[in-house]
Amino acid sequence: MIRHLLIAGLLVSGTVACTTAQPYGPAGSSGAQGYLVQPIENNRYRVSYTALSPEDARRYALRRAAEITVEHGDEWFRVVHGYTETESRGGTGSSVSVGGSSGSYGSGVGVGVGVGFPLGGSKSKVTESLEIITGRGNQPEDAQVYDAESVLMNTAGPG
């Protein structure tokens, strides 16, 4: 009996879907992989991108900021504030237990079996959030100012 329950638990654990990187695009919901954009003022936006690596999150947040800049007829954007959030979670485990009890004053007997092992290691999601101001004309000399067309050229690729 216990052997059958243990095998059933292992089978359930093996069918859990693994997190995989999604192609570049909008997030289906808050916390999902992809971008979210929140307008703040006429030329001020909060852009966030959630990915499985910090490099992808940063690259794609900058890419989306450049796209917004060009879509609104501007040429450059300045990152006025930015932060990174990481959500980590471990591998998948399984536990099976069998137990029984009788009456409120009676005795009970229970047997438990627990099995835990990572399937594909631990997974994490990283969200890069940027608050940007877009502009056109003379580009300010500042390390936080990006030329939108250059960013688009340098961040193009699969996805």
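## Secondary structure and basis of the model

The secondary structure of the chain comprises 3 helices and 7 strands, where helices (H or I, at least four residues) and strands (E, at least two) are DSSP runs numbered from the N terminus. Along the sequence these elements follow the pattern α-β-β-α-β-β-β-β-β-α.

This is a predicted model, in which local features need pLDDT of at least 70 and side-chain atom pairs count only at pLDDT 80 or more, while totals for chains, interfaces and linings use all residues. Residues are numbered from 1 along each chain as its sequence is written, and side-chain values use heavy atoms, with hydrogens and water left out.

## Burial and contacts across the chain

Of the 159 residues in the chain, 30% are buried; buried means under 20% relative accessible area, exposed over 50%, and partly exposed in between, with a 1.4 Å probe and protein chains only. Among the contacts with a separation of 6 or more, 70% are between residues 24 or more positions apart, a contact being heavy atoms within 4.5 Å.

## The S1–S2 hairpin

Strand S1 (residues 34–41) pairs with S2 in the antiparallel sense over 7 bridges, where two strands pair if DSSP finds at least two bridges between them. The hairpin that joins S1 to S2 runs through 2 residues. Glu41 has Arg44 of S2 as its bridge partner, and Gln38 stands opposite Arg46 in S2. S2 is mostly covered, with 6 of its 8 residues buried.

Leu36, in strand S1, counts as partly exposed because its relative accessible area is 36%. Beyond its neighbours within four places in sequence, Leu36 is in contact with Ala27, Ser30, Arg46, Val47 and Ser48.

## The largest nonpolar core

A nonpolar core is a set of buried Ala, Val, Leu, Ile, Met, Phe, Trp, Tyr and Cys residues joined through side-chain atoms within 4.5 Å. The largest such core has 21 residues, of which Tyr49, Phe77 and Ile132 touch the most other members. At least two residues of this core come from each of strand S2 (44–51), helix H2 (54–71), strand S3 (76–89), strand S6 (123–135) and helix H3 (148–155), and H2 gives the largest share, 7 residues.

Once neighbours within four places in sequence are left aside, the contacts of Tyr49 include Pro23, Tyr24, Gly34, Tyr35, Tyr60, Val126 and Thr127.

## The largest pocket

The largest pocket has a volume of about 200 Å³. Of the 15 residues that line this pocket, Ser30, Gly31, Thr50, Glu85 and Thr127 are the closest to its centre. On a 1 Å grid over the protein atoms alone, a pocket is an open set of points with protein on both sides within 12 Å along at least five of seven lines, and lining residues have an atom within 4 Å of a point. Grid points are joined across faces, edges and corners, and the volume is the space filled by probe spheres set on the points.

S1, S2, S3 and S6 each supply at least two residues of the lining. The lining divides into 4 nonpolar, 8 polar and 3 charged residues; Ala, Val, Leu, Ile, Met, Phe, Trp, Tyr, Cys and Pro count as nonpolar, Asp, Glu, Lys and Arg as charged, and the others, Gly among them, as polar.

Pro26 is placed in the loop between helix H1 (2–14) and S1, and Pro26 counts as exposed because its relative accessibility is 56%. Not counting residues up to four places away in sequence, Pro26 touches Gln33, Gly34 and Tyr35. The C-alpha atoms of Pro26 and Thr50, 24 residues apart along the chain, are separated by 9.7 Å.

Definitions and conventions: On a 1 Å grid over the protein atoms alone, a cavity is a set of points where a 1.4 Å probe fits but cannot get out, and a pocket is an open set with protein on both sides within 12 Å along at least five of seven lines; lining residues have an atom within 4 Å of a point.
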